Amino acid sequence: RDLHYPLRRQRQMCIRDSISVNQNEFFEMVFNVSCFGNDCEDVNVSLYSEKLIDNGGFESGDLGGWESGGNLEWVIEDSEVYEGSYSAKAGAIAHNQITWINRTVFLGRDANLSFYWKVSSENTYDFLLFCLDNPSCTRASGYTDRISGTVDWQEMNYELEAGEHTIHFAYAKDGAVVGGFDTGWIDSVSINGMQVFDSIGEKPFYTNSSNPITINLNESDSE
């Protein structure tokens with residue numbers, strides 16, 4: 001990147017660009033910064049990772065990377081999707097049964113979880129559940145959020161702290177009555193915006209000097 005700004009006062013710029021690297025691969029970023037006179041200031045660089053959940057959109061055409069269970073497992077859906085070619089659909093359970101899908105992730109830093117979900121069920125009785133860090137949740141307790149009735153694709157967002165998290169979805173029914181298509185769907189599950197490196201406090205990039213920085217990414221910083 002070539003940056004040409006008079007740095008007479010503090011500036012903050014966001015340059016959005018993406019690269020794709022595998023674990024243990026090397027990559028290079030070059031920033032050429034020019035300024036006027038002696039008014040040059042430090043230039044600090046931060047890196048943010050995106051889409052840390054592999055197969056969060058189920059575009060592999062299977063449940064790879066996910067675990068599923070309950071009375072029946074979830075299945076891949078190709079006729080009702082938010083985006084792409086596939087989504088995940090709750091198993092076709094009977095009354096007083098539950099079907100779930102989940103995965104565990106480890107975050108080296110705070111991040112944002114987002115996903116899209118949809119339900120068609122008996123309103124206020126049969127629920128699509130999201131249960132953060134609580135795979136034993138039920139339709140009546142322990143859930144983070146739940147929806148029922150007729151709800152079209154809806155985006156949900158949650159802030160996650162650094163550490164281990166279980167991302168758990170379930171479809172759970174009561175003892176009677178069938179409503180709608182009697183199922184739920186999820187799609188485009190992703191973890192975004194996790195800062196994996198910040199040069200502040202490490203070794204700033206000074207103008208007109210050669211000052212390389214080695215960036216060490218943890219295994220949890222990228223998939």
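Both phenylalanine 115 and phenylalanine 169 are buried, where buried means under 20% relative accessible area, exposed over 50% and partly exposed in between, with a 1.4 Å probe and protein chains only. The model is predicted, so local features need pLDDT of at least 70 and side-chain atom pairs count only at pLDDT 80 or more, while totals for chains, interfaces and linings use all residues. Residues are numbered from 1 along each chain as its sequence is written, and side-chain values use heavy atoms, with hydrogens and water left out.

## Aromatic pairs

Let's stay with those two rings for a moment. The structure holds nine aromatic pairs; rings of Phe, Tyr and Trp (its six-membered ring) pair if their centres lie within 6.5 Å, and planes under 30 degrees apart count as stacked, over 60 as edge-to-face and the rest as tilted. Two of the pairs go in the table.

| Pair | Centre distance | Plane angle | Kind |
|---|---|---|---|
| Phenylalanine 115 and phenylalanine 169 | 4.8 Å | 90° | edge-to-face |
| Phenylalanine 130 and phenylalanine 169 | 5.4 Å | 40° | tilted |

Phenylalanine 115 belongs to strand S8 and phenylalanine 169 to strand S12, so their pair ties together parts that are 54 residues apart in sequence. Strands here are DSSP runs (E, at least two residues), numbered from the N terminus. Phenylalanine 130 and phenylalanine 169 are both buried. One aromatic cluster takes in Phe115, Trp117, Phe130, Tyr158 and Phe169.

A charge sits over a ring if NZ of Lys or CZ of Arg is within 6 Å of the ring centre and within 35 degrees of the ring normal. Lysine 118 lies over the face of tryptophan 185, 5.6 Å from the ring centre. For arginine 146, the charged end sits over the ring of phenylalanine 127, at 3.9 Å from its centre.

## Nonpolar cores

In soluble globular proteins, nonpolar side chains tend to be buried together. A nonpolar core here is a set of buried Ala, Val, Leu, Ile, Met, Phe, Trp, Tyr and Cys residues joined through side-chain atoms within 4.5 Å. The largest one has 29 residues, and the members touching the most others are Trp74, Ile101, Leu113, Phe115, Phe169, Ile186 and Ile191. At least two residues of this core come from each of strand S7 (98–107), strand S8 (111–120), strand S9 (127–132), strand S11 (150–160), strand S12 (163–172) and strand S13 (183–192). S8 gives the most, with five residues. Another core lies apart from this one and has six residues, including Leu129, Cys131, Ala170 and Ala172.

## Two sheets

Strands pair if DSSP finds at least two bridges between them. Phenylalanine 130 has phenylalanine 169 in S12 as its bridge partner.

The other open sheet also has five strands, in the order S5-S6-S13-S8-S11, and its pairing is antiparallel. Strand S5 (75–77) and S11 are the edge strands, each pairing on one side only. From one strand to the next, the twist averages 30°. S5 and strand S6 (residues 87–89) pair in the antiparallel sense over three bridges, and valine 75 has lysine 89 in S6 as its bridge partner.

With a disulfide taken as a pair of cysteine sulfur atoms within 2.5 Å, the count comes to one. The bond joins cysteine 131 to cysteine 137, S to S 1.9 Å. The link is right-handed, with 80° about the S-S bond, and both cysteine 131 and cysteine 137 are buried.

Most residues other than glycine have a negative phi. Which way does phenylalanine 58 go? Phenylalanine 58 has a positive phi of about 60°, and it lies in the loop between strand S3 (46–49) and strand S4 (67–70). Its relative accessible area is 0%, so phenylalanine 58 is buried. Aspartate 133 likewise has a positive phi of about 60°, in the loop between S9 and strand S10 (145–147). Aspartate 133 counts as partly exposed, at 39% relative accessibility.

How values were computed. Helices (H or I, at least four residues) and strands (E, at least two) are DSSP runs, numbered from the N terminus. Axes are lines fitted to C-alpha atoms, for helices over the stretch in contact, and angles run from 0 to 180 degrees between N-to-C directions.
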